[in-house]
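I opened this entry to look up how the parts of the model meet. My notes follow in the order in which I checked them.

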Amino acid sequence: MKTAFSTLALLRPERPDEALALLRDGPLTPIAGGTDLYVALNAGLCPSRRFVDLSRLKAWRGIAATKDGGLRIGALTTFAQIRDDKRVARALPALCAAAREIGGVQIQNRATVGGNLANASPAADSAPVLLAADAELELASTAGVRRVPLGEFFVAYRHTALRADELIQAVLIPPQPGPSFFRKVGTRAANAISKVVFAGVRAARPRIALGSVGPVPLRAKRAEAALAAGADLESAVDALQQDIAPIDDLRSTAEYRRFVAAGLLRQFWQQTGGRRPAPSRRR
Amino acid sequence: MRFTLNGKPVELKVAPMRRLLDVLREDCGLTGTKEGCGEGECGACTVLLDGAPVNSCLVPVAQAEGTKVTTIEGLRGHTKLQQAFVTEGGAQCGICTPGFLLAASTLPRAASLEAVKQGLAGNLCRCTGYAGIYRSVAVARGGARAAPKPKPAARAKATPRAKTKPKARSAAARRSR
Amino acid sequence: MGKASTRAGSVGRSVPRLEGAAKVDGRARYVDDLSFPGMLHGRTIRAPHACGRLRSVRLGPGGLPLGLVVVGPRDIPGDNVIAVIEDDQPALAWGEIRHAEEPVLLLAHADREALFAVPAEVEMIPGAPVFDPLASPRVFKHIRIARGDAGAALRKAPVVVEGEYRTGAQEHVYIEPNGVIAVPENGGITVHGSLQCPHYVHKALCRLLKLPADKVRVVQTETGGGFGGKEDYPSVIAGHAALLALKARRPVKIVYDRAEDMRATTKRHPSIVRLRTGFSRDGALLAIEAEVVMDGGAYVTLSPVVLSRGVLHATGPYRCPAVAIDGRVVMTNTPPNGAFRGFGAPQTQFAIEAHMDRCAEQLGIDPVKLREKNAFRPGDVTATGQKLPKDTSALPVLREAVRRSDFHRKRKAWAGTGKGIGLALFFHGSGFTGAGEVRLASRASLELTAKGARILVGSTEIGQGTRTMLAQIVADTLRWPLSAIEVAPADTGLVPDSGPTVASRTCMIVGAILQRAARELKHKLGRLTPTQYLARHGALVVTKQYEKPAEIHWDEERYKGDAYGTYAWGCDVVELEVDPVTREVRPLKLTAVQEIGKAIHPGHSRGQIEGGSAQGLGWALSEEVVMRDGKMANAQLTNYMMPTTKDTPEFDVAILEQAYRHGPFGAKGVGELPMDGPAPAVVNALRHAGFDVREVPATPERLLKCASR
């Protein structure tokens, strides 16, 4: 325990507008499920002294179907809720699969989708699925709400498009044009940090996203373009190697990550159908 | 702040960002909840927050306000499970045991072994290799005890080598021929 | 208390763990659960670089909290050493720094948050560190074992196979980190702590604090796992807390957080083993030449004895007329490596067992047949000249493991499928090496109580079942019910020195001493009940000391003779699957057949085998200590990967028994044996699946690099 917890201040707004007003007058560090923040605090790696608790903002918790047939997931929805939700299982099963592999049950009961994205770890397990799903975020401030495609949200290593006075309010997932695929390759079989996360949506213009292979979770645009243009799988694999920039770190090597990323692209393509996209078929 | 602790209302004056773990151990005197890592990795600090297992080393005590917190000291209605951890080898050194018991107490009754593994994947045990824990969960649900039966080495020596017909070949085996 | 002895005994039955109830309802008190009036918290300031000279330690800037207690080397009343084998390791370093995280200054304060907020800067003149053991200029211990002329035998051998095998460091990951509370009292000090060996700590404290033995008391608290990690290190942390407590005149608690525990405390010795073996064409082992190098880290600690056990197991369980083993443990500028379940034997047996499968391949002989041909039989002679006793069970465990696992069929059927099956045959000497038990001269006492008897031993319960097992031995020897026996706390103020709780010795050695004490107690009691005896004669305590069986001889100078009283035997079969896309290895099943003399408590013995096997699988597959500049870079449970529920396979455990004549009810040791088999069985299964890997952990990254065959 390397942080003096009793000296830290916490504001506990009841409603989103109160939270946003507090944040405008900041600076404040938001806390939702605390599963990343408290790891940093315990290790003495979080210098913030003042925090704002989002856990009471009930309006931002929960999953709803949208008119266009997509989903709207409140930023404070936990991965346990996502994991067990039938609508998510129908609309984007890959997201349920990702939720199931985030930490153990204890983490899934606390960690929120908004927190996972805002924390902006390149290894965030939910980010690749949501990127491949073409998700958008609603970012709220006292000035109003703006919509930002998730693809524009991660700007640099651990940096996002979120302003200091903004909070993620919801994740919007449009209807998916084809079957989704998710695979996390972690440091062990459970309760692991990913070495490579791969998510894909099979469609005429396939969408592919990866985590832990660059400074931010990313869309593999070259590989997507190659596949959309009808190139053969191995050309897409070559293109994928241009999309990613993995490094050697504590958990793995760049060489291994490239090998696995290539293998997962092949697996995605083989498992989600023959030559033509088959939107009706589930993985 | 107020919350319900093991069925009883408590009122505390505590700094809001203190870890629920520390407040339980230091302010409430309930030391059955253990700290193993401070990273939410080992699950030794597992408590139930409104019935759901969480890592109390990652919870600011303020977020427990108005909730029902259950620690090992207040685990009720799971005597069979606790007893089975004693008799079936679920507990060895015992430091992870409170966390395992709380996590295991929330498993659905009919959970398969795979589901038990999934449900307990957030708890680390270094003594048992988890086998004794699965046996304990199974026996608590009325499963048969499976005590090991040592046999003399000499008899093993005399045992003829696998004469029994191999069972139906696996799919993998068929592929390879 | 039953006079009638008609009931079935408890030995051989899986009775409930004695302290089990307290462990499942939260009542069991571990060190961090205890608090003393006026207690302070302690903190250790550590060296930032792997080697060099210490220049200064500065506290601040800013005001220091009122009441801060500071202890430096000058505050040490006795010798500034951690007394283990040699006196090279200081309690607080002051001139030369030999490893990062070396303690240089101690602080204590009542407010833990204020204590950890004190800025501390350690300045060093960095030196040139050595991290590669093969480049180390300093040898802590060199051991040679020779039998026959291995060089000549290798020159003549028709088939010679060579290979180099490496194993990495391993962290114990007891779920309860190291911790102690030192309480100044009665003109001396009492230390309560999470530890395996109270008398080791006692000895170290007397030396450090310059206190007579009766002024130092060490009390083991309920201990959340040890695995060797609480054998030698508690002497360091207890010394620190005691120094602070004596200066502050108040109790001081030091409990490491996980990161400090992982960075600063001991690990399993990394090893490099080079083997050359000569065979006849039909697979008879003619010669073994082994070079063993172990990385001791910065100080000697227990390295000489780790090396000793390593080289004594380096031939594996195989008879061989010509053996030359050359082992050394060397210094590097990393935190000292120390005791860890198996104590050198897992490293050398990894090498020989991985090597044997390569030999089988080159000879064109089935790996089971090759082992059957060469495995020790009763009456065979080991490399040190020990004639093996009747309870030599290499063949029974091998045959049972092969049968139970359906090895031959799977071996054939799985070829080319991505699945693999492999086995390892191994043995483990029970008790201290060579004359070690004679030197320890362990004692154990039994005290008559109104209810029955109380066991007084320094042996500790660390999860393995010591309390229950010793009570079973005593109960059955006295023919009393188990409920008549209680076990005193491991408190040096109460119990005699029964030797350390290490080396798979507690049951076989301490259990046997207690059995003799029980027999004498029974004899003294005659026909009286305990109550009658106490009323008529007063208190009765029987103390017995270790007696060396007459036939055991050991020559320490020449490394000749009976290295161990006896050995336990094991064979593991690992079945696994390699993911073709990710090279992730999924262990599917581990069959463990282990001959342990007599399973006093079969359930707890199985628990040892399963837990040890899981720890062995972690070492084999995922547990990697990443060192950068002499510091552990992945000192978090998030980044050091011990197995979870989903990483651990099904275990099929079979316990075989072949009585050892000097063990209680025939028992031998079981604690360490299970650690020896999994790693070589894993690499042999990987070899079967097409991967030529000779180093553990066999991570997916390593499998990617090793040529797929």
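How much area do chain C and chain B bury between them, and what share of it is on carbon and sulfur atoms? I read about 5,400 Å² for chain C and chain B, with 56% on carbon and sulfur atoms. Buried area here is the accessible area (1.4 Å probe) that two parts lose on being put together, summed over both.

Ground rules, before going further. I am reading a predicted model, in which local features need pLDDT of at least 70 and side-chain atom pairs count only at pLDDT 80 or more, while totals for chains, interfaces and linings use all residues. Residues are numbered from 1 along each chain as its sequence is written, chains are lettered from A and ligands numbered from 1 in the order in which they are written, and side-chain values use heavy atoms, with hydrogens and water left out.

**Chain C against chain B**

I looked up the residues in contact (heavy atoms within 4.5 Å). Chain C puts in 72 residues and chain B 62 residues. On the chain C side, V24(C), I175(C) and T645(C) lose the most area to chain B, together 14% of what that side buries.

Next I checked the charged pairs, taking a salt bridge as a side-chain nitrogen of Lys or Arg within 4 Å of a carboxyl oxygen of Asp or Glu. There are 7 salt bridges between chain C and chain B. I noted the one between R135(B) and E610(C), at 2.8 Å from N to O.

For polar contacts I used a pair of N or O atoms within 3.5 Å; within protein, one must be able to donate a hydrogen and the other to accept it, and residues adjacent in sequence count only if both atoms are side-chain atoms. Between chain C and chain B I have 31 residue pairs in polar contact, both residues at pLDDT 80 or more.

Which elements of chain C give two or more residues to the side that touches chain B? They are α1 (20–24), α10 (394–405), α11 (407–413), α16 (602–621) and β27 (650–657) of chain C. Helices (H or I, at least four residues) and strands (E, at least two) are DSSP runs, numbered from the N terminus. α16(C) gives the most, with 9 residues.

By class, this side of chain C has 24 nonpolar, 23 polar and 25 charged residues. Ala, Val, Leu, Ile, Met, Phe, Trp, Tyr, Cys and Pro count as nonpolar, Asp, Glu, Lys and Arg as charged, and the others, Gly among them, as polar.

I also found strand pairing between these chains (two strands pair if DSSP finds at least two bridges between them). Strand β6 (residues 151–152) of chain B runs parallel to β27(C), joined by 2 bridges. P152(B) has E657(C) as its bridge partner.

**Chain B against chain A**

Here the contact takes 31 residues from chain B and 30 residues from chain A. The two chains bury about 2,400 Å², 56% of it on carbon and sulfur atoms. M17(B), L58(B) and Q63(B) supply 31% of the area that chain B buries against chain A, more than any other three residues.

I count 3 salt bridges across the interface of chain B and chain A. One of them joins E65(B) to R12(A), with the closest N and O atoms 3.1 Å apart.

β4(B) gives the most, with 4 residues. The classes on the chain B side are 15 nonpolar, 10 polar and 6 charged.

**Inside chain C**

I took the domain bounds from an automatic or database domain assignment. Chain C is divided into domain 1 (4–31 + 442–545), domain 2 (34–128 + 173–264) and domain 3 (271–434 + 559–705). I looked at domains 2 and 3 of chain C, whose C-alpha centres lie 35 Å apart. Their contact takes 28 residues from domain 2 and 29 residues from domain 3.

How many salt bridges does the rule find across the interface of domain 2 and domain 3 of chain C? It finds 0. I do have 6 residue pairs in polar contact there, both residues at pLDDT 80 or more.
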